[in-house]
Every structure is written in C-alpha cells, then in structure tokens.
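Let's take a walk through a protein fold together.

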Amino acid sequence: MITHIEIQLKRSPQDLREFVINLKNSVRTDKKEYQNGILKKGYYKEFLDEVVPLSIFAHEFYPQNYKIQPILGNQGYDALVFDENDFEVDRIEMTFPQNGSYEAQDAKLVIERGYSNIQICKPGDDLDSLFPFILSTCQNKSIKDYSDCTLVITISPLPPFEQFVIKYDAQINSLLSQLSMIKFNAKRVFLLILPDRILKVNMLK
C-alpha cells in the first residue's frame with residue numbers, strides 16, 4: 001500500500017498533507033497493512049517518523065505554490081523544497097526523538113493482545129520522560145553539518161488537560177531553553193509538537 005516511488009513524489013504542501021491523511025485512512029481499513037504500520041515495517045517507519053510530521057510542518061510553513069519532495073535514504077536530509085519556479089530553496093532534516101525499544105515493545109503488545117502497556121503517571125510525566133531522548137538525539141545532531149537544512153525536531157507528548165496547561169507550557173519552555181543551548185550547525189531549527197504546534201528554537205551563537 002506504500003512504495004518508495006509514491007513517497008518521493010513532488011507535492012504541494014496541501015497535496016502532501018492529503019496524501020498522508022488518505023494513506024492513513026486506507027491503511028486503517030486493511031488489517032494486515034494496519035499491523036505493518038503499527039510495527040513500522042517496510043516504509044512505514046519513514047512514513048510515520050518523517051513524512052507524517054513533514055506534511056504537517058510543510059503545510060504550516062511553506063507557501064502552497066511550493067513543492068515538497070521527501071527523499072528516502074541517508075543523504076543528510078529528508079526532503080527538498082522547491083519554489084514556484086521549481087528551484088530548490090530549502091532542505092529539511094526531520095528528527096523524531098523517542099524511546100525506540102519501548103515503542104517497539106508497545107507495538108508488539110498491541111498486535112498480540114490488542115492494547116499497549118498501561119501506565120499510571122502524573123500529568124507531564126510523559127513529557128519529562130522524553131527529555132533525555134530529545135536532548136541526546138539533538139546533541140548527536142549538533143555534531144553533523146546541516147548548514148543548508150531546516151532542522152525539525154518532532155515530539156508527540158500527550159495533550160494536557162485544561163488544568164495542567166500552565167505546567168505543560170512551562171515544560172515546553174524549559175525544553176526550548178535547553179535546546180537553545182545546543183550549538184546546532186543548521187540554517188534554522190524548529191520544534192514541532194504534534195499535532196500541529198511549531199516553535200522556533202533560538203540558537204545561541
């Protein structure tokens with residue numbers, strides 16, 4: 001249901017977003033494909049960790065007459081951006097820090113028994129537990145050359161209940177402060193908080 005050719009087509013930000021939504025809807029109707037998606041088999045890892053957040057970022061950030069082309073592989077960027085004249089104007093590197101081993105174990109449980117691990121925690125604990133993975137991933141990114149790239153750091157914390165929004169915002173501000181202390185060699189850096197919040201990381205020189 002998903003191929004490397006289809007993923008790498010040039011699309012407008014709106015078309016890329018629609019491609020992602022339509023594919024996710026189609027996958028949900030096919031049990032085998034849905035299981036492959038949960039387990040991130042085949043191209044589903046790149047699709048979920050790169051293309052899905054890319055589609056959100058591109059839709060919010062670039063003009064609709066631009067074209068976005070996801071690029072699979074280890075070439076140092078995950079997408080090319082072309083203007084209305086088809087000139088390359090940007091490159092995007094996506095990164096999605098997460099507890100990979102825990103996520104993989106959770107996915108297997110969903111397939112085996114129909115539900116994931118059950119966690120009991122205080123509001124904000126899930127975001128706090130992500131901090132070490134975010135900062136470690138970003139430290140590793142900082143030693144690489146992304147000087148011609150827009151670096152997008154994606155996180156997917158649980159949305160806060162209304163009474164805990166103040167604490168949640170304080171956690172996000174703390175994360176931004178810590179990210180700003182990392183010396184990224186990038187054109188610019190953004191924090192994408194799923195589903196659709198984009199914050200600029202102010203890099204200190």
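**Starting inside the sheet**

Find T95 first: this residue sits across from I153, which belongs to β4. What you're looking at is a predicted model, where local features need pLDDT of at least 70, side-chain atom pairs count only at pLDDT 80 or more, and totals for chains, interfaces and linings use all residues. Residues are numbered from 1 along each chain as its sequence is written, and side-chain values use heavy atoms, with hydrogens and water left out.

Now for the strands around that spot. Strand β3 (residues 88-95) and strand β4 (residues 145-155) run parallel as a pair, linked by four bridges; two strands count as paired if DSSP finds at least two bridges between them. Strands of a sheet pair through backbone hydrogen bonds, in either a parallel or an antiparallel way.

Next, look at what lies against the sheet. Helix α6 (residues 125-142) packs on it and touches β3, β4 and β5 (185-193), with a direction about 170° from that of β4. Helix α7 (residues 165-180) packs on the sheet as well, touching β4, β5 and β6, and its direction makes about 40° with that of β6. For these angles, axes are lines fitted to C-alpha atoms, for helices over the stretch in contact, and the values run from 0 to 180 degrees between N-to-C directions.

Zoom out to the whole sheet. It is open and mixed, with six strands in the order β1-β2-β3-β4-β5-β6. At the edges you'll find β1 (67-70) and β6 (197-200), each pairing on one side only.

How many helices go with the six strands? The protein has seven; helices are DSSP runs of H or I with at least four residues, strands are runs of E with at least two, and both are numbered from the N terminus. Read from the N terminus, the order is α-α-α-α-β-β-β-α-α-β-α-β-β.

Let's stop at one residue, L80, in strand β2 (residues 79-82). Is L80 buried or exposed? It is buried, because its relative accessible area is 10%, and buried means under 20% (exposed is over 50%, partly exposed in between, using a 1.4 Å probe and protein chains only). Leaving out neighbours within four places in sequence, L80 is in contact with residues including I68, Q69 and I71, where contact means heavy atoms within 4.5 Å. L80 and Q69 are 11 residues apart along the chain, and their C-alpha atoms are separated by 5.1 Å.

Finally, the overall picture: of the protein's 205 residues, 41% count as buried.
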